[in-house]
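Biologist: I would like to learn how to read the features of a structure. Could we go through them one at a time?

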Amino acid sequence: MKNVGKNDLGSKLRWYNIALLSFSVVWGFGNVVNNFANQGLTVVFSWILIMLLYFIPYTLMVGQLGATFQNLGAGVSSWINELMGSKWAYLAAWTYWVVHVPYLAQKPQVIMISLSWLFRGNGSFVNDTKTIVVQGLSLVMFIVFVWLASKGVEALKKLGNIAGILLFIMSMLFIILGISAPFIVHTHVATPDMTNIHNYIPKFDFEYLTTISMLVFAVGGCEKISPYVNKTHNASKEFPQGMIVLAIIVAVSAILGSLGMGMIINANHIPNDLMSNGAFEAFQILGQHYHVGNLFMWIFAITSTLGSATALAVSIDAPLRMLLDEADERYIPKVLLKKNKHGVFINGYKLVTILVSILIIVPALGIKGMSNLYNWLLNLNSICMPMRYLWVFLAYILLVKYMDKYHSDYVFVKNKTIGYAFGIWAFLFTAFACILGMFPKSNMYSSASSWWFQMGMNIITPLILIALGLVLPLIAKKTNSVK
């Protein structure tokens with residue numbers, strides 16, 4: 001690589017650039033709402049634990065992997081390919097892609113909820129409409145977005161960038177205004193006795209452990225910033241500084257955001273639809289406190305609609321390209337590599353459509369109530385998405401094993417034993433969270449059939465999605481005529 005002189009240092013990222021860039025990738029206001037809905041005020045203690053025991057080591061492991069394999073694109077599959085070979089790299093790439101299927105299945109719901117708040121001023125549409133009807137509309141909407149993605153949606157992507165910035169600003173605005181409301185406009189604090197420290201200590205029982213996957217889901221994804229390791233000035237020093245600052249910013253945002261939620265929504269009586277409608281309700285209440293009516297809620301609803309629409313369109317295409325752009329024909333059937341005139345993997349789109357359609361319609365047949373269905377799909381995301389993080393920690397464990405072979409300007413820990421301990425801990429903790437996350441959060445006794453249906457879907461869905469990745473190489477072997 002070209003040596004960087006003094007005149008080039010101005011173009012290098014500093015630790016604060018890394019921290020802010022990473023924050024926009026990792027964090028979102030929904031993480032505050034969803035985990036508050038699961039745990040109430042005890043989530044404050046949970047955030048502290050997850051940051052110290054998981055998030056900080058996670059980010060620093062990613063830093064070393066990105067610095068070591070900077071010339072391979074710093075992607076998870078390229079790390080695995082270097083350390084384990086092409087077959088395992090394919091499985092890593094497949095996992096990264098396929099875990100987006102539940103994410104894609106939920107986004108149409110988010111868009112409809114956002115539009116309901118924008119035009120009705122409440123989330124009544126999805127609650128008042130039959131589940132199968134809402135899911136039918138979700139399927140139609142998803143198919144429309146598949147068609148748009150196949151034609152190119154550059155204008156939508158630009159709007160999405162604007163929406164992303166606005167959502168970030170709104171998240172920060174909520175924290176500032178929510179925390180200060182009792183002092184500025186003298187509002188009543190919704191959750192009683194918030195100054196009692198005992199209200200923040202969770203009971204480490206089975207029910208609590210089933211909510212950990214949502215916390216892991218919230219702080220995951222920092223491997224996306226790994227390409228910036230060697231674009232950082234004095235990377236061995238400033239990149240980990242940036243990561244530590246990132247962890248502090250995320251922790252502060254999570255804790256203050258959760259406290260803000262407790263001030264406007266009673267943590268002892270959390271509504272069942274808080275995950276789906278909580279963010280909008282929070283901004284609506286905040287607007288009432290500051291005498292601006294529904295202004296905050298309308299802005300949030302617009303930005304949520306645009307952001308979700310963009311995320312849906314981009315997430316149909318981008319993960320699929322990561323899987324197929326440099327596909328090894330020993331593992332991917334050629335039929336999936338066919339492109340249309342817009343350069344889109346059209347048969348890959350069809351596969352996405354089939355999988356997402358099944359995940360949109362089938363659950364609606366067995367899960368009663370739209371709020372329960374929304375909560376279930378979100379929980380399924382928290383089970384499936386962290387599965388891709390397992391490959392990150394596996395790559396780190398192997399990197400520690402071959403530390404003498406691979407050089408890096410930045411090393412998380414130099415002692416192999418400690419390195420193994422961090423990697424194995426993060427791998428097992430992630431797997432533990434995913435497995436316990438399979439247990440539904442709804443009350444089993446209120447609807448036993450729905451509870452068992454959710455449990456079955458939570459187990460079967462990830463198994464089928466991963467198993468399909470094992471089937472494709474067999475199809476490729478028969479159809480591609482590759483020795």
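Modeller: Start with patches, which are made of residues with over 30% relative accessible area and no salt bridge; like charges are joined within 9 Å, and nonpolar side chains (Val, Leu, Ile, Met, Phe, Trp, Tyr) within 5 Å. Accessible areas come from the Shrake-Rupley method with a 1.4 Å probe, and for residues only the protein chains shown count as cover. In this case a nonpolar surface patch is formed by Ile 162, Ile 165, Leu 166, Phe 168 and Ile 169, with about 450 Å² of accessible area together.

Modeller: Before going on, note that this is a predicted model, where local features need pLDDT of at least 70 and side-chain atom pairs count only at pLDDT 80 or more, while totals for chains, interfaces and linings use all residues. Residues are numbered from 1 along each chain as its sequence is written, and side-chain values use heavy atoms, with hydrogens and water left out.

Biologist: Where is Ile 162 found, and what is its relative accessible area?

Modeller: Helices are DSSP runs (H or I, at least four residues), numbered from the N terminus. Ile 162 belongs to helix α9, residues 154-184. As for exposure, buried means under 20% relative accessible area, exposed over 50%, and partly exposed in between (1.4 Å probe, protein chains only). With 49%, Ile 162 is partly exposed.

Biologist: How many salt bridges does a search of the whole structure find?

Modeller: A salt bridge is a side-chain nitrogen of Lys or Arg within 4 Å of a carboxyl oxygen of Asp or Glu. The search finds three. One of them joins the side chains of Glu 238 and Arg 14, at 2.7 Å from N to O. Glu 238 lies in helix α12 (residues 235-264) and Arg 14 in the segment before α1 (15-26), so this pair ties together parts that are 224 residues apart in sequence. Glu 238 is buried at 6% relative accessible area, whereas Arg 14 is partly exposed at 29%.

Biologist: Which residue meets Asp 404 in a salt bridge?

Modeller: Lys 416 does, at 4.0 Å from N to O. Asp 404 sits in the loop between α17 (387-401) and α18 (416-436) and Lys 416 in helix α18, so the parts tied together are twelve residues apart in sequence. Asp 404 is exposed, at 73%, and Lys 416 is partly exposed, at 29%.

Biologist: How many disulfides does the search find?

Modeller: A disulfide is a pair of cysteine sulfur atoms within 2.5 Å. The search of the whole structure finds zero. For Cys 384, the closest cysteine sulfur is that of Cys 434, 8.1 Å away, which is too far for a bond. Cys 384 is buried at 1% relative accessible area, and Cys 434 is buried at 6%.

Biologist: What span should helix α15 have?

Modeller: The expected span of a helix is 1.5 Å times one less than its number of residues. For the 16 residues of α15 (residues 346-361) that gives 22 Å, and the end C-alpha atoms are 22 Å apart, which agrees. Its buried residues include Asn 347, Tyr 349 and Leu 351. The buried residues of α15 pack against several helices, among them α5 (86-98), α8 (131-151) and α19 (448-479).

Biologist: Which residues are in contact with Gln 109, leaving aside its neighbours within four places in sequence?

Modeller: Contact means heavy atoms within 4.5 Å. Gln 109, in helix α6, is in contact with Gln 135, Ser 138, Met 370, Leu 373, Tyr 374 and Leu 377. At 0% relative accessibility, Gln 109 counts as buried.

How values were computed. Helix = DSSP H or I, 4+ residues; strand = E, 2+ residues; numbered from the N terminus.
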